[in-house]
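Dear colleague,

I am passing a structure on to you, and my notes on it follow below the entry. Please read them alongside the coordinates.

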Amino acid sequence: MNAYGVVLESSAVRFERLLPGPVERVWSYLTESEKRGQWLASGVFDLRAGGRTEMLFKHSEITDEAPPEAYREVHENGVRSTGTITRYEPPRIIAFTWGGEGEPESEVAFELVPKDEKVLLVLTHRKLANKAEMTSVSGGWHMHLGLLEDLLSGNPRRGFWSRFAALDADYAARYADLPEPGQG
């Protein structure tokens, strides 16, 4: 399975990860604040369609590595993000809006599919405003999903900041020839 995201259309990317199950365990790492905070962002979700999501992205909680200067504030103090759950079908699908607060809203969907003792996680991030946002969220999801994979597999967490710049450059190169969303 390819760890890199795949462009579905000009404003959407998809990631797939085959994770240790069962599906209920993976679901808990998507929906429970304490568990989600170990790989992505903590925060309470009102678990129902139409419910509010709140996340605090504080990278000092997911990595011991020192951040690049440009990310020091997010690393140490965090940044909040709110959204609305648009689809909720436990323990298989949760989707919610992402962004806002001056940024165009996008949508993230997590789908879980049991595969024997494993779980196929399919993450789709849609309605991305431009290639720069696609590049940024792709590198971010790649890193964060790697942390989730490490947690569920019982492996030491991989480096975050030490791999961040290289992944960002990888995705920028992968997307260089794509048209801007809405232009092709």
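In what follows, a residue counts as buried when its relative accessible area is under 20%, as exposed when that area is over 50%, and as partly exposed in between, with a 1.4 Å probe and protein chains only. Helices (H or I, at least four residues) and strands (E, at least two) are DSSP runs, numbered from the N terminus.

The model is a predicted one, in which local features need pLDDT of at least 70 and side-chain atom pairs count only at pLDDT 80 or more, while totals for chains, interfaces and linings use all residues. Residues are numbered from 1 along each chain as its sequence is written, and side-chain values use heavy atoms, with hydrogens and water left out.

The sheet

The strands are treated as paired if DSSP finds at least two bridges between them. On that basis there is an open sheet of 7 strands, in the order β1-β2-β7-β6-β5-β4-β3, and the pairing is antiparallel. Its edge strands, each of which pairs on one side only, are β1 (6-9) and β3 (52-57). From one strand to the next the twist averages 30°, where axes are lines fitted to C-alpha atoms (for helices over the stretch in contact) and angles run from 0 to 180 degrees between N-to-C directions.

At one end of this order, β1 and β2 form a hairpin with 2 residues between them, and 3 bridges join these antiparallel strands. Within that pairing, Val 6 has Arg 14 of β2 as its bridge partner, and Glu 9 stands opposite Ala 12.

Strand β2 (residues 12-20) is also joined to β7, by 8 bridges and again in the antiparallel sense. Here Arg 14 stands opposite Thr 124 of β7, and the bridge partner of Phe 15 is Leu 123. On the β6 side, strand β6 (residues 106-115) pairs with β7 in the antiparallel sense over 9 bridges, with Pro 114 opposite Val 119. The hairpin of β6 and β7 has 2 residues between the strands, and in it Asp 116 takes a positive phi near 60°. Strand β7 (residues 118-126) has 7 of its 9 residues buried, so it is largely enclosed by the rest of the structure.

By a nonpolar core I mean a set of buried Ala, Val, Leu, Ile, Met, Phe, Trp, Tyr and Cys residues joined through side-chain atoms within 4.5 Å. The largest such core has 42 residues, and those with the most contacts inside it are Trp 39, Phe 96, Phe 110, Leu 121 and Trp 141. Two or more residues come from each of β2, α1, β3, β5, β6, β7, α4 (131-153) and α5 (161-175), and α4 gives the most, with 9 residues. Contact means heavy atoms within 4.5 Å, and Phe 96, leaving aside its neighbours within four places in sequence, is in contact with residues including Phe 45, Met 55, Ile 85, Val 108 and Phe 110.

The pair α4 and α5

These two helices pack at an angle of about 135°, with their axes 9 Å apart. They are therefore oblique to each other, on a scale in which angles under 35 degrees count as roughly parallel, over 145 as roughly antiparallel, 65 to 115 as roughly perpendicular and the rest as oblique. Among the residues that meet are Met 134, His 142 and Met 143 in α4, and Phe 164, Leu 167 and Tyr 171 in α5.

Two single residues

Asp 150 lies in helix α4 and is buried, with a relative accessible area of 4%; leaving aside its neighbours within four places in sequence, Asp 150 is in contact with Asn 155, Pro 156, Arg 157 and Arg 158. Thr 82, by contrast, has its place in strand β4 and is partly exposed, with a relative accessible area of 21%. Thr 82 and Val 44 are 38 residues apart in sequence and 9.9 Å apart in space, C-alpha to C-alpha.

With best regards
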